[in-house]
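Hi,

Here is the structure I promised to pass on. Have a look first, and then read my notes below.

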Amino acid sequence: MPQPIDLSPLQRELDNLRLHLCICNNAGTCLGCQGVDMLRQQAQMIVSAASQPVLLQVAQEAQAKELLKQVQEMQERLLRDPEAAKALEELLRYFQAPPDDTTNH
Ligand SMILES: [Zn+2]
């Protein structure tokens, strides 16, 4: 039996990220909120797609392609807006940063 996957550490990180990027006072209308919500949905989609039985592999592949398409569309949409591109850059930097970078000057 597949183990249930615990997404709570990721959810916590996404919550932190949202707090960090949010400029709409958590109303859910700014790019930070929307982008983080999108990431959250995508993470859940990836986990549920990847943990399905092998019989559903074809559906999974279709789902994966659809997911990639959505991500690409989101990126293209974001990159057309300079402010959004900056936020996306910030988002990516956050994910690439080492977890213990408390010594940055
Ligand atoms: Zn916000």
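A quick definition before anything else: I call a residue buried if 20 or more other C-beta atoms lie within 10 Å of its own, exposed if 12 or fewer, and partly exposed in between, with the C-beta atoms placed from the backbone. By that rule, 6% of the 105 residues of the protein chain count as buried.

Two bits of housekeeping. Residues are numbered from 1 along each chain as its sequence is written. Please keep in mind that this is a predicted model, where local features need pLDDT of at least 70, side-chain atom pairs count only at pLDDT 80 or more, and totals for chains, interfaces and linings use all residues.

On confidence: pLDDT is the predictor's confidence in each residue, from 0 to 100. The protein chain has a mean pLDDT of 77, with 74% of its residues at 70 or more. Helix α1 (residues 8-21) has the highest confidence, at a mean of 92, while helix α4 (residues 82-96) has the lowest, at 70. Where pLDDT is low, the predicted coordinates should not be read in detail.

Now the overall layout. Two residues are in contact if their C-beta atoms, placed from the backbone, lie within 7 Å. Among contacts between residues at least 6 apart in sequence, 48% join residues at least 24 apart.

What does α1 look like on its own? It has 14 residues and reaches 20 Å from its first C-alpha to its last, close to the 20 Å expected at 1.5 Å a residue (the expected span is 1.5 Å times one less than the number of residues). The number of buried residues in α1 is one of the 14, so this helix lies largely in the open.

How do α1 and α2 pack? Their axes come within 8 Å and cross at roughly 165° (axes are lines fitted to C-alpha atoms, for helices over the stretch in contact, and angles run from 0 to 180 degrees between N-to-C directions). That makes α1 roughly antiparallel to α2, a label for angles over 145 degrees. On the α1 side, Leu10, Leu14, Leu17, Arg18 and Leu21 meet Gly32, Cys33, Val36, Leu39, Arg40 and Ala43 in α2.

Is glycine 32 buried or exposed? It counts as buried, because it has 21 C-beta neighbours inside 10 Å. Glycine 32 sits in helix α2 (residues 31-50). Leaving aside neighbours within four places in sequence, glycine 32 is in contact with Arg18, Leu21, Cys22, Ile23 and Ala87. Its C-alpha is 4.9 Å from that of leucine 21, 11 residues apart in sequence.

The loop between α1 and α2 holds asparagine 25 and also asparagine 26. Asparagine 25 has a positive phi of about 55° although it is not a glycine, and phi of asparagine 26 is near 65°, again positive. Asparagine 25 is exposed, with 9 other C-beta atoms within 10 Å, and asparagine 26 counts as exposed with 11.

Last one: aspartate 6 is in the segment before α1. Aspartate 6 is exposed, with 9 other C-beta atoms within 10 Å.

Cheers

Technical notes
Helices (H or I, at least four residues) and strands (E, at least two) are DSSP runs, numbered from the N terminus. Angles under 35 degrees count as roughly parallel, over 145 as roughly antiparallel, 65 to 115 as roughly perpendicular and the rest as oblique.
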